[in-house]
Amino acid sequence: MPELPEVETIARTLALQIVGSAITSVHVLHSASLAAGAALLPALAGSRIARVARRGKLLVLCLEHDADAVPVLVPGLPKASLYLVFHLKMTGSFFVHPPETAALKHTRLIFDLGENSRPEKPTTRGRLFFDDIRTFGYCRVMLPNDFALWGFFTSLGPEPLSVGNEDIAQALKRGGGNIKAALLDQRRLAGIGNIYADESLFQAKIAPQTKISALSRNALLRLAVSLRAVLEQAVRECGSSIRNYRDAAGNAGSFQNSFMVYGRKGEKCRICGTTLLGSKVAGRTTVHCPRCQKLP
Ligand SMILES: [Zn+2]
């Protein structure tokens, strides 16, 4: 599933192509992919894409509508009059095609884009495809008030790249369980999934099954430093391309070449040569080095 670095990369590559574009029409090819807001679809025509934002693993198109009343502010997101909120889940992806391009096998939603208001691309038209092989992904069309009160959104923890190490350590301690489960819990920190949980735990030399209560303040701060370093490097490298992940320009990321543990069960640790162990932690496939990552 695309995690923070992948969704951030998709948002950036999408923004270059669609910010400033007017939405002229919407086509729903798979009704379950539109999880909320079907009644708002007519309001989309004539709106303009003002920003592409990310919160956790959510990708958000912020729309402006000329005929609107004063927009309401959604905490942590740019002001807009209507939001298109996407969760890509396992296999959701975006691509901008030329006008008239027909739907592909896995295309679930199509947004026809009219003329762009940005001076550098005044006449670009096209079609924004939301493709999703597994169909677990979704789009919600939301008014600001509904978005600001949406339980999933309001429960999201802080952004790990927008807060300090002390805040990350505190957020992880908000609840019990083991440290791997804490990293995956979107209510404690937003945007982390299996890849960046395993990689940051390796870098911090912490075994994934370690109980939060057994970790010292220093160990949690060390994990915060490692997590930020891993996420920042992955954003710089445009994410990790496993399965079908591509950014919105069709390019693969390259952080998968830097994996120390993720997906390397049975291979040798790049630091000490010990065979990496695979196990289930927090219900997820987990790989760690039993020598570098000791239990306290
Ligand atoms: Zn090792």
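This is a predicted model: local features need pLDDT of at least 70, side-chain atom pairs count only at pLDDT 80 or more; totals for chains, interfaces and linings use all residues.
The protein chain is divided into two domains, domain 1 spanning residues 4–154 and domain 2 spanning residues 165–288. The centres of the two domains, taken over C-alpha atoms, are separated by 29 Å. The contact between them involves 18 residues of domain 1 and 21 residues of domain 2. On the side of domain 1 that touches domain 2, the elements that give two or more residues are α1 (4–18) and β6 (92–97). Of these, α1 gives the most, with 9 residues. Sorted by class, this side of domain 1 has 8 nonpolar, 6 polar and 4 charged residues.

In soluble globular proteins, nonpolar side chains tend to be buried together. The largest nonpolar core of the model holds 74 residues, and within this core Y83 and V85 touch the most other members. Helix α8 (residues 217–236) supplies the largest share of the core, 7 residues. Both domain 1 and domain 2 give residues to the core, so the core lies between them. The contacts of V85 can be listed individually: leaving aside residues up to four places away in sequence, V85 touches L58, V60, C139, R140, M142 and F147.

Helix α5 comprises residues 165–172, and its buried residues are I168, A171 and L172. These residues cover an arc of only 95° around the axis, and therefore lie on the same side of α5. An α-helix has 3.6 residues a turn, so residues three or four places apart point the same way.

Two residues were examined for their backbone angles. Most residues other than glycine have a negative phi. K89, a residue other than glycine, has a positive phi, near 45°. K89 is placed in the loop between β5 (82–87) and β6. Its C-beta atom has 15 others within 10 Å, and K89 is therefore partly exposed. E100 likewise has a positive phi in a residue other than glycine, with a value near 75°. The position of E100 is in the loop between β6 and β7 (107–116). E100 counts as exposed because it has 9 C-beta neighbours inside 10 Å, the cut-off for an exposed residue being 12 or fewer.

Key: Residues are numbered from 1 along each chain as its sequence is written. Domain bounds come from an automatic or database domain assignment. Two residues are in contact if their C-beta atoms, placed from the backbone, lie within 7 Å. Helices (H or I, at least four residues) and strands (E, at least two) are DSSP runs, numbered from the N terminus. Ala, Val, Leu, Ile, Met, Phe, Trp, Tyr, Cys and Pro count as nonpolar, Asp, Glu, Lys and Arg as charged, and the others, Gly among them, as polar. A nonpolar core is a set of buried Ala, Val, Leu, Ile, Met, Phe, Trp, Tyr and Cys residues joined through C-beta atoms within 7 Å. A residue is buried if 20 or more other C-beta atoms lie within 10 Å of its own, exposed if 12 or fewer, and partly exposed in between; C-beta atoms are placed from the backbone. The arc is that of the directions from the helix axis to the C-beta atoms.
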